[in-house]
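Hello,

Here is the structure for you to look over. My notes on its pockets and core follow below.

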Amino acid sequence: MREELLKEFVEDLSGKRILEFGALDNPTLDRTIFDISFVDYASREDLAKAGESNPRYIFDKLVDVDYVCDNLLLSDVIEDKFDVIIANHVVEHIPNLILWFRELKAIMNDGALVFLSIPDKRYTFDICRNLTTFVDL
């Protein structure tokens, strides 16, 4: 389903360099078909260890993390450039969005697209949090 949504905006994903944030055990695209790399705050092994008690993890499906970046300075870790960047349910965890977007720009090819899916706070544990305003950014 998510692949079809991407194809609404990128007609042909073949030949595109793709980077996905925080895919964990549910990547948007199949690595055996697409040129996709994965970035997360920890390695596959460390993510598995941290999620040992989480019954929702499917450990056999955890992606191999290509880039471990435990801070917002992506350009310190990632030298490659990408045509498509995917971040599903990630942006709400970023403490400094402006810096993060600047760092995304540093690893994007000209004309690259960024796809964000952001959860509806009414259905998350953040339901009681105040809305983020531009001043907060």
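α3 contributes the most to the lining of the largest pocket: three residues. (Helices are DSSP runs of H or I with at least four residues, strands runs of E with at least two, numbered from the N terminus.) On a 1 Å grid over the protein atoms alone, a pocket is an open set of points where a 1.4 Å probe fits, with protein on both sides within 12 Å along at least five of seven lines; lining residues have an atom within 4 Å of a point.

This is a predicted model, in which local features need pLDDT of at least 70 and side-chain atom pairs pLDDT 80 or more, while totals for chains, interfaces and linings use all residues. Numbering runs from 1 along each chain as its sequence is written, and side-chain values use heavy atoms, without hydrogens and water.

The largest pocket has a volume of about 1600 Å³, the space filled by probe spheres set on grid points joined across faces, edges and corners. It has 47 lining residues, with His-89, Val-90, Val-91, Glu-92 and His-93 closest to its centre. β1, β2 (36-40) and α3 each give two or more.

The second largest pocket holds about 180 Å³. Its lining includes Arg-2, Phe-9 and Phe-115. α1 (2-7), β4 and β5 (108-117) each supply at least two lining residues.

Now the ring pairs. Phe, Tyr and Trp rings (six-membered ring for Trp) pair with centres within 6.5 Å; planes under 30 degrees apart are stacked, over 60 edge-to-face, the rest tilted. There are five such pairs. Tyr-67 and Phe-82 are edge-to-face, because their centres lie 6.3 Å apart and their planes are at 85°.

Best wishes
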